[in-house]
Amino acid sequence: FKKIKFGAGWVTKISPRSTSKWYSMEESMGVYPSGVNTQGVKSNYRHHISSNGIGILNLQYKLNEKVNINLWDGFIENVLNTVLLEFNREVKNDTKQHTFYQRLMLIRQDAIHNGGNTNQLMTYVMKNSQSNTISLQLGVKGKHFNTHINYTHITKNGQYLMPREWGRDPFYTFLPRERNEGLGGVSAITLKTTYTKKQFKYSLAYGYYALPDVANYELNKYGMPSYHQLNNEASYKWKHIELKALLVYKRNAGNTHGLAKYEYNKVNMLHGNLIIDYKL
């Protein structure tokens, strides 16, 4: 319609990143490492989740020339329901050379029935659990530059959960090689600037992620300490090929209790990627 768009779908299978076959939605949950449950015991939901798929609903409403409202609902049958409400506002300056934009995202999650399995030691999300998240973005963009500051807060009443096999976090504070999934009681702030000219793009980003203690199993599924993250990313497009270089530095800002498992491949690390994407 003129101001409203509506979409719906039902997904029954998925091919997670770094895999070469299709999985049913329930079997895809746990292909990647699953962390621990709220009692601190290794999560055991792999092959134990009962779900027929995920239903997706989307409603987009254009309030006026400046404001758009976006509503999503993701219903993982027998497991989890997620509602995402997003407000987007863009205003050009008098010369129309720069656009100022503001975005607000609200996310509410609720467990469905027993969260995937009546045995709570084998379920994906604990019965009656919920989580709430707010994410904010303020930015300005022009012909070549796009700069924005972002903030995300996940409340302490539960973990934000979404199978990692299905994609990345939707938060504005997301940076490549960073996750807030499986966490509650989070406060994150990031600053990112991107320069684009023809086929070349370069971005520099910094983020600080204040997370619950690694031993707080109810709010920290993967034992991740608080950290600082610095990203350098450059890309160049040529016909169907895109070349990318990504360099990430993570510095510990939390208590690892002297245990290497909370530091190794998590913080105090330098991580680099060289990527070639071929796109038809």
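**View 1. Lys-250 over the ring of Tyr-227.** The charged end of Lys-250 is placed over the Tyr-227 ring, 4.8 Å from its centre (a charge sits over a ring if NZ of Lys or CZ of Arg is within 6 Å of the ring centre and within 35 degrees of the ring normal). The model is predicted: local features need pLDDT of at least 70 and side-chain atom pairs count only at pLDDT 80 or more, while totals for chains, interfaces and linings use all residues. Residues are numbered from 1 along each chain as its sequence is written, and side-chain values use heavy atoms, with hydrogens and water left out.

**View 2. Lys-141 over the face of Tyr-101.** Lys-141 lies 5.6 Å from the centre of the Tyr-101 ring.

**View 3. The edge-to-face pair Tyr-45 and Tyr-124.** The whole structure holds 4 aromatic pairs (rings of Phe, Tyr and Trp, the last by its six-membered ring, with centres within 6.5 Å; planes under 30 degrees apart are stacked, over 60 edge-to-face, the rest tilted). In one of them, Tyr-45 and Tyr-124 are 5.0 Å apart centre to centre, with 85° between the planes. Tyr-45 belongs to the loop between helix 1 (25–28) and strand 4 (54–62), and Tyr-124 to the loop between strand 7 (99–111) and strand 8 (130–141), so the pair ties together parts 79 residues apart in sequence (helices, H or I of at least four residues, and strands, E of at least two, are DSSP runs numbered from the N terminus). Tyr-45 is buried at 4% relative accessible area, and Tyr-124 is buried at 7% (buried means under 20% relative accessible area, exposed over 50%, partly exposed in between; 1.4 Å probe, protein chains only).

**View 4. The stacked pair Tyr-209 and Tyr-227.** The ring centres are 4.8 Å apart, with 20° between the planes. Tyr-209 is in strand 11 (residues 200–210) and Tyr-227 in strand 12 (residues 227–238), so the pair links parts 18 residues apart in sequence. Tyr-209 is buried, at 0% relative accessible area, and Tyr-227 is buried, at 0%.
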